[in-house]
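Please prepare a briefing on selected helix contacts and strand pairings in the model shown below.

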Amino acid sequence: MADVGTSSTTTAPGVGARLYEAADWYDAESLLTQDERRVLARLRDFLDAEARPLLAEYWERGEFPEQLARPLIDLDLMEPAELTEDGPARGLYQGFRIFELARTDASLATWYTAQAGLFRTAIRVGASEEQQAEWMPKVIDFSLKGVFSLTEPEHGSDIAGGLSTTARRDGDGWILDGAKRWIGGASTADVLAVFARDTADGQVKAFLVDRQADGVTLEKIHGKTALRMMQNAHITLEGVRVNESMRLHNVDSFKDVAAMLRAMRSDVAWIATGIAAGAFEAALAYVNERRQFGRTLGSFQLVQEKLARMLGNVTASLSLVVRLTEQQAKGIYRDQDSALAKMQTSLFMRDTVALAREVVGGNGITLATDVARFHADAEAVYSYEGTHEINALIIGRALTGESAFTR
């Protein structure tokens, strides 16, 4: 266990004493290679210099800072050249990439992970070998941008049995009708990975739909109080024609979609952990500078107790996501494991951002501190990619052998 402020003996060139300092008592950083820490430090430098100064303004405007998109892509973070000489980048690096983005801003992490996690997983799991050979290099370099379009206006947690969007075979193609909602990044995507129920066999299929195809309408969702920078869309599909070649050939039922969700929940657990770390670090910096009654806030017993609880939450969350990622690197993917990580890290996150807001006081509800963004954005992350209740029932089913889902 590393002490706050101590120096690592395995510092990578170009990296400071530690990347995560106070938020790394678990010493998860020691699991990263020098090259991995170097890439993450490059990301940290960009986020601190280019992104952080824009966050409050764009969060309040409810707009994504598009000027960050291309520079962020050009950092070559998904499969960095220096990490892929012997194969794909390690899962732990990918997890800490998400963590680094989320500890800066939840919308940035969600935007990047929409491509690097959601869409990439749709292709990796759902596409045939031939389709992957064509599409995956374009996914990695962002020359084919896509989004995962599963959730519907009337169906979220019950989407497995309630999927209403339909796909009807028509000659050498398909006709899609329906609607999707809360689809982040859809307005700038090239294609939408749309999941629809085949009218012939009742099974779920998946299609890459051109965002500008006839019959596709996108509307920005306004009035959000969380993830305000992330542009979420309501998508309407009316008689949209899609060629058979654009159907993901390995998706033939909702079981195939569930395999994607099983893999992707680990990404959301990393986001929740990053948000908790960002809120904790922002609160710690504030109480060490803010003075009341002639002393810094950080010198008061009750404030220190809350700081300790926040650190405990972050440390426990890191333990969960690191262990889950190590399991998945061995090919172990179980619903209950990813559900437990998403459920518990989200609970820790929610507690942490509330404590951070509390110790920062009234300033914690203004954008003058980072705490306000983390506090609001945590509510969205708490719910997406499986609510607390749904994940708890997945775990309960594994524990008891009994399904308690509504029939």
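The crossing of helix α1 and helix α3 is right-handed, a crossing being right-handed if the near helix is turned clockwise from the far one by less than a right angle, and left-handed if anticlockwise. This is a predicted model, in which local features need pLDDT of at least 70 and side-chain atom pairs count only at pLDDT 80 or more, while totals for chains, interfaces and linings use all residues. Residues are numbered from 1 along each chain as its sequence is written, and side-chain values use heavy atoms, with hydrogens and water left out.

**Helix α1 with helix α3**

- Helix α1 (residues 34–61) and helix α3 (residues 91–102) pack at an angle of about 15°, with their axes 10 Å apart; axes are lines fitted to C-alpha atoms, for helices over the stretch in contact, and angles run from 0 to 180 degrees between N-to-C directions.
- That angle makes α1 roughly parallel to α3, since angles under 35 degrees count as roughly parallel, over 145 as roughly antiparallel, 65 to 115 as roughly perpendicular and the rest as oblique.
- On the α1 side the contact (heavy atoms within 4.5 Å) is made by Glu36, Val39, Leu40, Leu43, Arg44 and Leu47, and on the α3 side by Tyr93, Phe96, Arg97, Glu100 and Leu101.

**Helix α4 with helix α7**

- The axes of helix α4 (residues 106–126) and helix α7 (residues 254–287) come within 10 Å and cross at roughly 160°.
- That angle makes α4 roughly antiparallel to α7, and the crossing of α4 and α7 is right-handed.
- Residues of α4 including Ala106, Thr113 and Val125 take part in the contact, as do residues of α7 including Asp256, Met264 and Ile275.

**Strand β4 and its partners**

- Strand β4 (residues 191–198) is mostly covered, with eight of its eight residues buried, where buried means under 20% relative accessible area, exposed over 50% and partly exposed in between (1.4 Å probe, protein chains only).
- Strand β1 (residues 146–149) runs parallel to β4 and is joined to β4 by four bridges, with Ser149 standing opposite Val194 in β4; two strands pair if DSSP finds at least two bridges between them.
- Strand β2 (residues 166–170) also pairs with β4 in the parallel sense, over two bridges, and Thr166 stands opposite Arg197 in β4.
- Strand β5 (residues 204–210) runs antiparallel to β4 and is joined to β4 by seven bridges, with Phe207 in β5 as the bridge partner of Val194.
- β4 and β5 form a hairpin with five residues between them, and Gly202 in the turn has a positive phi of about 75°.
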